[in-house]
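Dear colleague,

I am passing on the structure we discussed, and below it you will find my notes on what came out of it. Please read them alongside the coordinates.

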Amino acid sequence: MYKESIVNFKNKYLSPKLPLRKHHTEAPVDSHGMILYVEGVNKSFDGFKAINDLNLYIEEGELRCIIGPNGAGKSTMMDIITGKTRPDSGTAWFGQTCNLLEMDEPVIAKAGIGRKFQKPTVFENLTVDENLELAMKAPKTVLTTLFGKINSEQSDMRDHVLELTNLKDLRHRPGRVLSHGQKQWLEIAMLLMQKPKLLLVDEPVTGMTRQEMEKTGELLVSLSGSHSVIVVEHDMDFVRQIARKVTVLHQGHVLSEGTMDQVQSDPKVIEVYLGAE
Ligand SMILES: Nc1ncnc2c1ncn2[C@@H]1O[C@H](COP(=O)(O)OP(=O)(O)OP(=O)(O)O)[C@@H](O)[C@H]1O
Ligand SMILES: [Mg+2]
C-alpha cells in the first residue's frame with residue numbers, strides 16, 4: 001500500500017529527466033509575450049466536439065478565472081494544456097519556446113506548468129513538512145528525498161511556502177489531521193515547491209467552509225504576479241472574490257471574456273449560464 005502510494009506520488013510529482021531541449025524551438029507564431037497562447041484548438045470525443053475553436057491568451061502574472069456550465073470543456077482545456085489530452089488541431093505555446101502540443105505530460109510539468117486536481121492527494125501519515133520535502137523540485141530518488149537532508153535554500157523555500165499557505169503552525173502535524181481546506185492548501189503548497197510558472201487549479205473550493213474559501217481566494221490572489229494562475233470554479237461568490245479577468249466557456253468555445261461585471265451582464269452569458277442558476 002505504502003509502496004503503491006510512493007509510486008503514485010512519483011508518477012504525479014517527480015517527472016523523469018526527459019530531454020526538454022528538443023521541444024524548445026522558436027515559436028512559429030508570435031505569442032505576444034503571453035505565458036500561455038492557445039489558438040484554434042479543437043478536440044472531439046467520438047464525434048462530439050468537446051473543444052471547439054478555443055482561443056485562450058494568458059499574460060505573465062495574470063490571475064484568470066474560467067467559468068462555464070458542466071460539460072463546457074473546462075477540464076478538457078486543462079488536460080490539453082498539461083499534455084494529458086492531445087487536441088485534434090490548433091496551437092498551444094507555453095511562453096515563446098515551449099510547443100505544448102509536442103511535449104508530453106512529465107515534460108510539460110517540468111517546464112513549469114503545475115496542475116492541482118480537485119481531490120487533494122497528500123500523504124496522510126507524513127507531516128506537512130515531510131509532504132513538502134517530497135515535493136521538492138530536483139530529488140534524486142523518492143527514498144533519498146524522504147530520508148536525505150534538504151539544503152538551506154530548499155528549507156527557506158519551504159518556510160516561505162508554509163507562510164504563504166497558512167500552514168506554518170501545522171508543519172509538524174500529519175496530513176491526516178488536516179481539514180479538507182488545509183489539505184487543499186497543502187496540495188497547492190506541494191505544487192509550489194516545484195516552482196511552477198503557471199498554475200492550473202480546477203475547482204479549488206469544493207467542500208470548503210466559507211472561511212477556508214476566503215483564505216483560498218487570498219492565497220490564489222497572492223500567488224498571481226509571481227505566477228500566472230488559471231482557476232476553474234463553479235462557485236460564483238468565490239469567483240467574484242478573486243476575479244480580475246473572467247473567461248466564460250460554453251460548448252468548448254469562449255462565449256464571453258472581461259471583468260466579472262462585463263460577463264455577468266452579457267446577454268449570451270445570462271442565457272446559457274448565469275440565467276440557469
Ligand atoms: N475522455 C473523454 N471521453 C469522452 N468524452 C469526454 C472525455 N473527456 C471529456 N469528455 C466530454 O467532453 C465534454 C467536456 O467535458 P469537461 O470535463 O471538459 O467539462 P467541464 O467544463 O470540466 O465540466 P464540469 O464543470 O462538469 O467539470 C463533456 O461532454 C464530457 O462528457
Ligand atoms: Mg471539469
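Which helix gives the most to the shell around ligand 1, and with how many residues? That helix is α2 (residues 74-81), which contributes 3 residues to the shell. The residues around the ligand are F45, A50, G68, N70, G71, A72, G73, K74, S75 and T76, and by class the shell around ligand 1 divides into 3 nonpolar, 6 polar and 1 charged.

Before going further, please keep in mind that this is a predicted model. The chain has an average pLDDT of 86, and 83% of its residues score at least 70. Over residues 1-24, however, the pLDDT is below 50, and in the model this stretch has 24 contacts beyond near neighbours in sequence.

The other feature I looked at is a pair of helices, α7 (residues 180-192) and α8 (residues 210-223), which pack at an angle of about 15° with their axes 10 Å apart. Since angles under 35 degrees count as roughly parallel, α7 and α8 are therefore roughly parallel to each other, and their crossing is right-handed. On the α7 side the contact is made by G181, Q184, W185 and I188, which meet E212, T216 and L219 in α8. Sorted by class, the residues of this contact of α7 with α8 comprise 3 nonpolar, 3 polar and 1 charged.

With best regards

Conventions:
Residues are numbered from 1 along each chain as its sequence is written. Chains are lettered from A and ligands numbered from 1 in the order in which they are written. This is a predicted model: local features need pLDDT of at least 70, side-chain atom pairs count only at pLDDT 80 or more; totals for chains, interfaces and linings use all residues. pLDDT is the predictor's confidence in each residue, from 0 to 100. Two residues are in contact if their C-beta atoms, placed from the backbone, lie within 7 Å. Axes are lines fitted to C-alpha atoms, for helices over the stretch in contact, and angles run from 0 to 180 degrees between N-to-C directions. Helices (H or I, at least four residues) and strands (E, at least two) are DSSP runs, numbered from the N terminus. Angles under 35 degrees count as roughly parallel, over 145 as roughly antiparallel, 65 to 115 as roughly perpendicular and the rest as oblique. A crossing is left-handed if the near helix is turned anticlockwise from the far one by less than a right angle, and right-handed if clockwise. Ala, Val, Leu, Ile, Met, Phe, Trp, Tyr, Cys and Pro count as nonpolar, Asp, Glu, Lys and Arg as charged, and the others, Gly among them, as polar. A residue is near a molecule or strand if its C-beta atom, placed from the backbone, lies within 6 Å of it.
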